[in-house]
Amino acid sequence: MDFEKPEQLVEYLRVRGHIGSDEQPAVEPLPGGVSNRTFLVRRRHGESWVLKQALPQLRVPTAWFSNPSRNHAEAMALRWLPKLAPPGTIPDLVFEDPENHLLAMLAVPSPNENWKTLLLNGHLNEEHVREFATLLGHIHRRSSECKDELLPLFQDQSFFESLRLEPYYAYTASQLRDAAHFLNGLMRETRQHRDCLVHGDYSPKNVLIHAGRLVLLDLEVIHFGEPAFDLGFSLTHLLSKAHYLRAQRRSFVSAAHLYWRSYVQAVAPFHQTADFESRVVHHTLACLLARVAGRSTLEYFSPDHRRAQQEVVLQLIPNLPRNATELIDSFAFHLPT
């Protein structure tokens, strides 16, 4: 079914009984995603939905495929995460249609702002950083406490493979010989972990801010796996913005330190080991490299930004920082001034 055409989407909602037979909601395509068709449906009585339909081929310059049944994993996450995360941080699921790889969730009320957009405009709020860390910490810690119940439901890592390990780590390893041993070893180690629920796309672009609170979106890569990946993926966004927004570099470096400290506090005593922090260092370096040399590069970076970040990471890999604090400071120190 071609949901790119609003009239067909409205007819689908009527036939399935999700809206009234004579109801005429407003349908608006939502921009920004590469892996889904996404629409905002505004109903007359005031309730709004976001509809997502997973794409088999992602909208990026290189060939990148993933089974659209990953939509079911996101629907399952929308059912479970409200039990694990702080109240109001996960949208409510409205319905799921596995046949058409489609789901609907309640839209975050207006006004809301995308956190990535705010950060790129230089609006860095420390409380948002703390909430971002605490939200992830709650998901990791509480899901680990429910492992017997959740692992059978979220044991499939195939979407993490096709949407993260292959395009980020394997592809980057194929492009950069100097990093291949590091990245290939990290992939092997990552596959061995079944520690807790891992979001897999934990970044500011997947956070909306409404009434001063963070709401987390885009759960299609969720699985039971390696929590250090979420930390490396998210720290990469703060550190890459420290690189990009030179005038605010010190503030973003401080935010990265605050993020790490707040996460550690939120998960205590879960993950209080030197081995876990070492894995966070590995994944942060890998993601910093992947976002400039993988299949999904940071769109706001210029070629000079990409080249400089690649050079910094390749300098750090042979002499790995001992902990997350040292990593953050070392990365910032080596950036061009």
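This is a predicted model: local features need pLDDT of at least 70, side-chain atom pairs count only at pLDDT 80 or more; totals for chains, interfaces and linings use all residues.
A residue counts as buried when its relative accessible area is under 20%, as exposed when that area is over 50%, and as partly exposed in between.

Select Asp195 and Arg279 to begin. Asp195 has 21% relative accessibility and therefore counts as partly exposed, whereas Arg279, at 6%, counts as buried. The two residues form a salt bridge whose closest N and O atoms are 3.3 Å apart. Because Arg279 belongs to helix α10 (residues 274-293) and Asp195 to the loop between α7 (177-190) and β7 (196-198), the pair ties together parts that lie 84 residues apart in sequence.

Next, select Glu99 and Arg16, which form a salt bridge with 3.8 Å between the closest N and O atoms. This pair links distant parts of the chain, 83 residues apart, since Glu99 sits in the loop between β4 (93-97) and β5 (102-106) and Arg16 in the loop between α1 (6-15) and β1 (26-29). Glu99 counts as exposed at 63% relative accessibility, while Arg16, at 39%, counts as partly exposed.

Finally, move to helix α4 (residues 126-145), where Glu127 and Arg130 lie three residues apart, about one turn of the helix. Their salt bridge brings the closest N and O atoms to 3.5 Å; Glu127 is partly exposed, with a relative accessible area of 40%, and Arg130 is partly exposed, with 32%.

Note on methods: Residues are numbered from 1 along each chain as its sequence is written. Side-chain values use heavy atoms; hydrogens and water are left out. A salt bridge is a side-chain nitrogen of Lys or Arg within 4 Å of a carboxyl oxygen of Asp or Glu. Helices (H or I, at least four residues) and strands (E, at least two) are DSSP runs, numbered from the N terminus. Buried means under 20% relative accessible area, exposed over 50%, partly exposed in between (1.4 Å probe, protein chains only).
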